[in-house]
Amino acid sequence: MNESYGEYLVSRKKRPVDSALKIILTVVTILLVLAGFFHILFLIGAVLSGIANYLYSRKVDLEYEYLYVDKELTIDKIMKKQVRKNVKTLELAKMEILAKESFHQVDGYRSRIKKTYDFSSGAPETEKYIMIYKEEGEMVQILLEMDEHMLNCIKAVFPRQVNIEN
């Protein structure tokens, strides 16, 4: 049995809007706490604002870890470098194609795609790969960023489906 292994970590790019919104939520929370000395309703607002700030910061500080082990790709979401959650496990036997985003062969699948999952950094300058995958009888598109080692591991097992050349 030919078992291969690869892992790769992708950090989600933070937008300037994310930092500004986090600062605004923090300032609003502090102001509501100070105003809470005058009326209890402001303290309730401060608690709600604090919860919103916490939940938003978890969403912004995000990483994806890809783990490829023997024909299966597992994608975990890591929030604030503390909480890990499995978001997708892909049996690569159901993969139609894995290619660079600009690869012409992907265009033939675009009209049949029902859903898109983005597990990339979101940075426009990075090279993204598109996986067309059959999920519950429908075609889905999965955006990934992978290193050469992981791509070569997958290509060794699925040479017809993986197109990583220009």
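In what order do the four strands form an open sheet?

**View 1. The open sheet.** The order is E1-E2-E3-E4, and the pairing is antiparallel. Strands (E, at least two residues) are DSSP runs, numbered from the N terminus. Two strands pair if DSSP finds at least two bridges between them. Strand E1 (5–11) and strand E4 (83–91) stand at the edges with a single partner strand each, so one side of each has no neighbour in the sheet. This is a predicted model: local features need pLDDT of at least 70, side-chain atom pairs count only at pLDDT 80 or more, and totals for chains, interfaces and linings use all residues. Residues are numbered from 1 along each chain as its sequence is written, and side-chain values use heavy atoms, leaving out hydrogens and water.

**View 2. Strands E3 and E4.** Strand E3 (residues 72–79) runs antiparallel to E4, and eight bridges join the two. Lys 77 has Lys 85 in E4 as its bridge partner.

**View 3. An aromatic pair.** The whole structure holds three aromatic pairs. One of them joins Tyr 64 and Phe 119 edge-to-face, at 5.4 Å centre to centre and 70 degrees between the planes. Rings of Phe, Tyr and Trp (its six-membered ring) pair if their centres lie within 6.5 Å; planes under 30 degrees apart are stacked, over 60 edge-to-face, the rest tilted. Tyr 64 lies in strand E2 (residues 62–69) and Phe 119 in the loop between strands E6 (113–118) and E7 (129–135), so the pair ties together parts 55 residues apart in sequence.

**View 4. The aromatic cluster.** Tyr 64, Tyr 117 and Phe 119 form one aromatic cluster. Tyr 64 is buried (under 20% relative accessible area; exposed is over 50%, partly exposed in between; 1.4 Å probe, protein chains only), with a value of 7%. Phe 119 is buried, with a relative accessible area of 7%.
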